[in-house]
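Let us walk through this model step by step, beginning with a single residue and widening the view from there.

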Amino acid sequence: MKHPKMKELENTKSSIIMDYGELKRAIINTNHGHEFGPKHQESYIKLEGTEGAIRIQVGVNLDYPKGRPDKFEYICSVTGNEWKTKEVEGSWFPDAFIGPMAGLMQKLETPDYNYVNSVNDAIHTMEVVEAAYISSEKAVLIHHIVIIKYYAFRG
């Protein structure tokens, strides 16, 4: 969804449901245009399972461009029902790129180096992103593997 004050940009708000069957799904809500103060500004990833949950605050998107610290919290019903915080060094952005970029540089210098990151991972990630865009545009359920066929026949 475009933001009325940022019409020149693409989508700045998204609500995406990734359905993996009756008992599994991921829900992604983003809003890159919150202008109403820091109190209700949010940028996080939350994973919930049957025995616990993880919540990761992605601080770079809060109070942008200044940012706030990242935060990693978790709870496990097996070990107790209290949320705990694990210290995080650095920031998701740009620190998350240091490892992959260092690995890429090593691979370029040493072709036999076992580079664990894959271009295929990036391609599959973009397939999922494109499936979300097409699903929104066409108002239909899309399986991300259909993306290749969609673009092949789109011209």
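Ile16 lies in strand β1, which covers residues 13–19, in what is a predicted model. With a relative accessible area of 25%, Ile16 counts as partly exposed, because the buried class requires a value under 20%. When its neighbours within four places in sequence are set aside, the residues in contact with Ile16 are Ala26, Ile27, Ile28 and Ala132.

The buried residues in α2 are Glu127, Ala131 and Ile134. Seen down the helix axis, the buried residues of α2 fall within an arc of 75 degrees, and therefore they line one face of the helix. On the face turned away from that buried side, α2 carries Ser136 and Glu137, which are exposed. After α2 comes Ala139, whose phi is positive, near 55 degrees.

At the level of the whole protein, there are three helices and six strands, and along the sequence these follow the pattern β-β-β-β-β-β-α-α-α. Of its 155 residues, 14% count as buried, while the accessible surface comes to about 12800 Å², with 58% of that area belonging to carbon and sulfur atoms. Among the contacts with a separation of 6 or more, 14% are accounted for by residues 24 or more positions apart.

Technical notes
Residues numbered from 1 in each chain as written. Predicted model: local features only at pLDDT ≥ 70, side-chain atom pairs only at ≥ 80, totals over all residues. Heavy atoms only, no water. Helix = DSSP H or I, 4+ residues; strand = E, 2+ residues; numbered from the N terminus. Buried < 20%, exposed > 50% of the residue type's maximum accessible area, 1.4 Å probe, protein only. Contact = heavy atoms within 4.5 Å. Areas by Shrake-Rupley, 256 points an atom, 1.4 Å probe, with all protein chains shown as cover. Arc of directions from axis to C-beta.
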